[in-house]
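Student: Let us work through this model together, and please give the cut-off behind each term as we come to it.

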Amino acid sequence: MPAGLPSWLAPVLRLGRVDFSPAHRQPSFGRVLIALVVSIAGSLAADALLVRIGTAIWPGTSGYVHFQFHDYARLTIAGVVIACAAWPVVTRLSSAPRWLFFRLAILVTLVLWAPDLYILDLGQPVRAVAVLILMHLAIALVTYNSLVHIARVKPLPDDPAGPPAQDSGRRAGASA
C-alpha cells in the first residue's frame, strides 16, 4: 500500500483487492480501443435487439420514447466509454483486475437501474422499464466480456505464475 493513506483505508482496499502492485502487463492502448469499438457495436446491437423483442412481445411499448435509437445510443456510448476508460485504471490498481472489474460492473449496473426504477415510480410502463433494465444488463455483459477478453492483461515475462510454455505438440518424455 502506498505511504500516506489513512489506516482505516487499508482493510477496505484489501477487501476490494486494490493493492497497487499488479503482477501483469497493462493492456495495450490498441487492444482497449478495439474492445471499445466492439463494446459499443455489441451494446448497441443488444439494445436494438431487446427493443425489437420487447415491442414484439408487448406491442403497447412500441413508440416508447426511450426505445428511440438516438435516445438510448448516446447514453449507451457514454457508459461504454466510461467503462473502457476504467478498465486500464483497474488493471493498474489491482493484481486481480478481472475479479475487481466484475464486481464493479455489478455495482455500476445496480446503480444504473436507479433511474429506471425512478421513472417506473413516476408512472412509466412497467414492461418498457423492464426492457430498459435488460438493456443495462446486456450493456454490462457485452462491455465486461469485450474488455477482459480483448484487452486482457498478460503475465509479466518473469512471472512464474504465468501460463506454462507451450511445447510443439509433444508430450513430456515422448521420443522422436
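Student: What separates aspartate 71 and arginine 74 in helix H3 (residues 69-93)?

Tutor: This is a predicted model in which local features need pLDDT of at least 70 and side-chain atom pairs pLDDT 80 or more, while totals for chains, interfaces and linings use all residues. Numbering starts from 1 along each chain as its sequence is written, and side-chain values use heavy atoms, leaving out hydrogens and water. Because aspartate 71 and arginine 74 lie three residues apart in H3, a helix being a DSSP run (H or I, at least four residues) numbered from the N terminus, what separates them is about one helical turn.

Student: Which interaction joins the side chains of aspartate 71 and arginine 74?

Tutor: The N to O distance between these side chains, aspartate 71 and arginine 74, is 3.6 Å, and the cut-off is a Lys or Arg side-chain nitrogen within 4 Å of an Asp or Glu carboxyl oxygen.

Student: Are H4 and H5 roughly parallel or antiparallel?

Tutor: Helix H4 (residues 97-121) and helix H5 (residues 126-150) pack with axes 10 Å apart, at an angle of about 160°, taken between N-to-C directions on a 0 to 180 degree scale, with lines fitted to C-alpha atoms over the stretch in contact. Among the residues that meet are Phe101, Trp113 and Leu117 of H4 and Leu132, His136 and Tyr144 of H5, where contact means heavy atoms within 4.5 Å. The angle therefore makes H4 and H5 roughly antiparallel (over 145 degrees; under 35 is roughly parallel, 65 to 115 roughly perpendicular, the rest oblique).

Student: At what angle do the axes of H3 and H5 cross?

Tutor: The contact includes Tyr72, Val80 and Trp87 of H3, together with Met135, Ile139 and Leu147 of H5. The H3 and H5 axes come within 10 Å, and the crossing angle is roughly 35°.

Key
Helix = DSSP H or I, 4+ residues; strand = E, 2+ residues; numbered from the N terminus.
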